[in-house]
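I opened this entry to keep track of what I looked up. My notes follow the order of my checks.

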Amino acid sequence: MTPAARIAAAIGLLDAWLAGAPVERLLTTWGRQNRYAGAKDRAAIRDLVFDALRCRRSLAALGGAETGRGLMLGLLRAAGTDPGTLFTGAGHAPPPLTQAELAPAPADLPEEVACDCPAALAPVLRGSLGADFVPVMQALRQRAPVFLRANLRLSTRDEAAAALAAEGIGTQPHRLSPSALEVTANARRIQQSRAWLEGLVELQDAASQAVADMMPVPEGGRVLDFCAGGGGKTLALAGRVAARFLAHDAAPERMRDLPARAGRAGVAVTLLGPGDLAGTEPFDLVLCDVPCTGSGAWRRSPEAKWRTGPDDLARLVGIQAGILDRASALVAPGGALGYATCSLIEAENGAQIAAFLARHPGWACVTERRLTPLDGGDGFFAAILRRN
Ligand SMILES: C[S@@+](CC[C@H](N)C(=O)[O-])C[C@H]1O[C@@H](n2cnc3c(N)ncnc32)[C@H](O)[C@@H]1O
């Protein structure tokens, strides 16, 4: 496909997204319906769509309309490319620019538009981020780096990096965690590499690794990952300490890849569905990596940035409180309750912990950490609580 034809495809996909369809389903369906498009075309179109979603507000302003066409015009203008060179109407290119579209783009955009902050959550984001509001929102406009976690059970980080380098995959250590590697070349080869297939590395954000590093796991102890999902945190904990790991999720189908991932990593994890918890307590650590707005990960999931509002936030805060109440009852005397979100919003973070402590006076918070994309990885919050 020509660059102009890829832009025309992205315009169609963005129009369907603006009409309410989920982005991943749109991209999958587009790939099935356009078999002539090769892997490079599909990847390029995905990049165009995700770049546009990350910067939806500013690009719509630069392109003069909140339509697929307006977003692509804005994307080209933001990159300093004259859209007229691609909007030619020739072959599969988008139709030429109209008189209205030829008008100069606005020189100055309002702050929240320029940093692509969603209007619905702007007050809570401003309140939560304070002086970091603009830099963090600006950081969320960029593509996220690809990070790997070296499985320290099987090799050192340097050995994992050397094994990847032997297969042409460039990495560099990242300061957020002793296991974190930032991929600098050939990220698309990772899942075919021997290093990945043999469990030396896993894909995991560096801040997510830093959160796992904070969790107190006693050697030989019992650990419950209460909201295990794909098991990223379970595997990071198991990569650090030899202990007994149980993974639980309210939606057990989310854990379907965990047995294969645990097998690759050389660790044992017992899976528990919603009805299986009774009698499994007590645990030395119960980790609650709770469902949240995901605002710290909007670089990777930009769709959520525009489709999450105050009602979703209120619903999630209620779910998080319920999880903490339930999970705290499973912690052994002297054990720890871990809490984590990939959110930047205080209601899901420090305020959630303060509300838990107000409901449970026997508990105290011993550590809290807030990470934003300015630290290099996704935005995360983590706290460790112990019974007084
Ligand atoms: C942030 S994700 C977990 C990500 C995972 N820990 C990882 O690192 O890959 C949150 C998970 O919580 C699960 N969940 C939602 N409500 C829950 C509940 N009430 N109890 C337990 N798990 C729940 C969701 O199904 C989802 O898989």
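Which residue in β6 is the bridge partner of Val223? I found Phe245. I am working from a predicted model.

**Strand pair.** I then looked at the two strands as a whole. β5 (residues 222–225) and β6 (residues 244–248) run parallel, and four bridges join them.

**Sheet.** I traced the strand order next. It reads β7-β6-β5-β8-β9-β11-β10, an open sheet of seven strands with mixed pairing. I noted β7 (269–272) and β10 (363–371) at the edges. Each has a single partner strand, so one side of each has no neighbour in the sheet.

I checked what packs here. Helix α12 (residues 206–214) touches β9 (331–341), β10 and β11 (380–387). The direction of α12 makes about 10 degrees with that of β11.

**Domains.** I took the bounds from the domain assignment: domain 1 (3–103), domain 2 (147–203) and domain 3 (216–387). The C-alpha centres of domain 1 and domain 3 lie 37 Å apart. I found five residues from domain 1 and four residues from domain 3 in their contact. On the domain 1 side, helix α3 (residues 39–54) gives the largest share, three residues. By class, that side has three nonpolar, no polar and two charged residues.

**Ala354.** I placed Ala354 in helix α17 (residues 350–359). Is Ala354 buried or exposed? I count Ala354 as exposed, because 11 other C-beta atoms lie within 10 Å and the cut-off for exposed is 12 or fewer. Its C-alpha atom is 8.7 Å from that of Cys365, 11 residues apart along the chain.

Key: Residues are numbered from 1 along each chain as its sequence is written. This is a predicted model: local features need pLDDT of at least 70, side-chain atom pairs count only at pLDDT 80 or more; totals for chains, interfaces and linings use all residues. A residue is buried if 20 or more other C-beta atoms lie within 10 Å of its own, exposed if 12 or fewer, and partly exposed in between; C-beta atoms are placed from the backbone. Domain bounds come from an automatic or database domain assignment. Two residues are in contact if their C-beta atoms, placed from the backbone, lie within 7 Å. Ala, Val, Leu, Ile, Met, Phe, Trp, Tyr, Cys and Pro count as nonpolar, Asp, Glu, Lys and Arg as charged, and the others, Gly among them, as polar. Two strands pair if DSSP finds at least two bridges between them. Axes are lines fitted to C-alpha atoms, for helices over the stretch in contact, and angles run from 0 to 180 degrees between N-to-C directions.
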